[in-house]
Amino acid sequence: MEKKYKDLFIDFDDTLYDTYGNAVIALRETFEEFHLERYFDDPQTFYDNYWQTNINLWGRYSKGEITREYLIIERFRQPLSSANGLDVTEALCLDISDRFLDFCASKPGVIDGAHELMDYLRSRGYRMHMTSNGFHEVQYKKLESCHLRNYFTTIVLSEDAGANKPSPAFFDYALRTTGAERATTLMIGDNLQTDILGALNAGIDAMLFNRWDVDCQDCPQKPTFVVPTLRSIIDII
């Protein structure tokens with residue numbers, strides 16, 4: 001089958017790299033290193049509050065409502081605020097965040113089928129470009145840890161673009177930086193808002209890796225493709 005696409009914009013976190021799974025481990029390691037069990041009767045209270053806060057803050061960050069610095073501090077300040085007898089200072093939050101990110105970046109875990117898919121896409125001659133809202137220094141470490149760096153022609157990060165996905169400015173920057181053409185580019189990602197609707201609004205076809213079983217029936221725009229697994233992408237492109 002003749003290829004329609006030449007360039008692939010591929011999200012990294014929770015599309016190829018198992019960000020959630022790795023972060024679960026890293027969060028536990030961070031909790032233990034800082035002996036936070038002294039301040040929580042039930043560690044699950046901290047974990048649940050962290051995830052709820054983190055999801056909310058990343059949503060706001062992708063919309064440009066908060067800064068990176070605010071996200072880094074608040075995602076720990078808020079769950080730590082329920083601790084018993086802990087002085088939750090900005091310095092403590094930054095120390096915990098730094099250690100947490102170190103733990104995260106060292107983890108090699110990828111989504112099932114990630115390396116197989118990337119080998120296939122490379123064999124088909126696609127130019128692949130990582131497109132991510134993740135933090136610069138962390139993303140490069142994670143790429144090395146999971147051995148995915150060499151698959152990508154270009155690394156496009158929101159901090160370099162000056163805009164986050166789903167902003168059209170991010171995708172315009174990605175097109176300029178990679179030399180890709182809108183009509184022959186496909187975005188692949190797991191996030192309906194940032195990856196899929198962001199790309200579609202920028203005039204780029206988009207494939208939803210529906211890892212989270214999102215219902216697309218009421219979407220303002222339908223993804224060009226929807227796949228349940230990474231391996232199923234091989235049957236389409």
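**Helix H3 against helix H4**

Helices H3 and H4 are roughly perpendicular to each other (angles of 65 to 115 degrees count as roughly perpendicular, under 35 as roughly parallel, over 145 as roughly antiparallel and the rest as oblique). The model is predicted, so local features need pLDDT of at least 70 and side-chain atom pairs count only at pLDDT 80 or more, while totals for chains, interfaces and linings use all residues. Residues are numbered from 1 along each chain as its sequence is written, and side-chain values use heavy atoms, with hydrogens and water left out.

**How H3 and H4 meet**

- Two packed helices are described by the angle between their axes and the distance between the axes.
- The axes of H3 (residues 68–80) and H4 (residues 90–105) cross at roughly 110° and come within 9 Å; axes are lines fitted to C-alpha atoms, for helices over the stretch in contact, and angles run from 0 to 180 degrees between N-to-C directions.
- Helices (H or I, at least four residues) are DSSP runs, numbered from the N terminus, as are strands (E, at least two).
- On the H3 side the contact (heavy atoms within 4.5 Å) is made by residues including Ile-72, Ile-73 and Phe-76, and on the H4 side by residues including Cys-93, Leu-94 and Phe-100.
- The residues of this contact divide into nine nonpolar, one polar and three charged (Ala, Val, Leu, Ile, Met, Phe, Trp, Tyr, Cys and Pro count as nonpolar, Asp, Glu, Lys and Arg as charged, and the others, Gly among them, as polar).

**Helix H4**

- The 16 residues of H4 should span 22 Å at 1.5 Å a residue, and the end C-alpha atoms are 22 Å apart, which agrees; the expected span is 1.5 Å times one less than the number of residues.
- Among the buried residues of H4 are Leu-92, Ile-96, Phe-103 and Ala-105 (buried means under 20% relative accessible area, exposed over 50%, partly exposed in between, with a 1.4 Å probe and protein chains only).
- The buried residues of H4 pack against H1 (19–33), H2 (43–62), H3 and H6 (136–145).

**Cysteines**

- The count of disulfides (pairs of cysteine sulfur atoms within 2.5 Å) comes to zero.
- The sulfur of Cys-104 is 13 Å from the closest cysteine sulfur, in Cys-146, which is too far for a bond.
- Cys-104 is buried at a relative accessible area of 9%, and Cys-146 is buried at 1%.

**Ser-81 and Thr-53**

- Ser-81 is in the loop between H3 and H4 and is exposed, with a relative accessible area of 51%.
- Thr-53 lies in H2 and is buried, with a relative accessible area of 9%.
- Leaving out residues up to four places away in sequence, Thr-53 touches Glu-74, Arg-75, Gln-78 and Pro-79.
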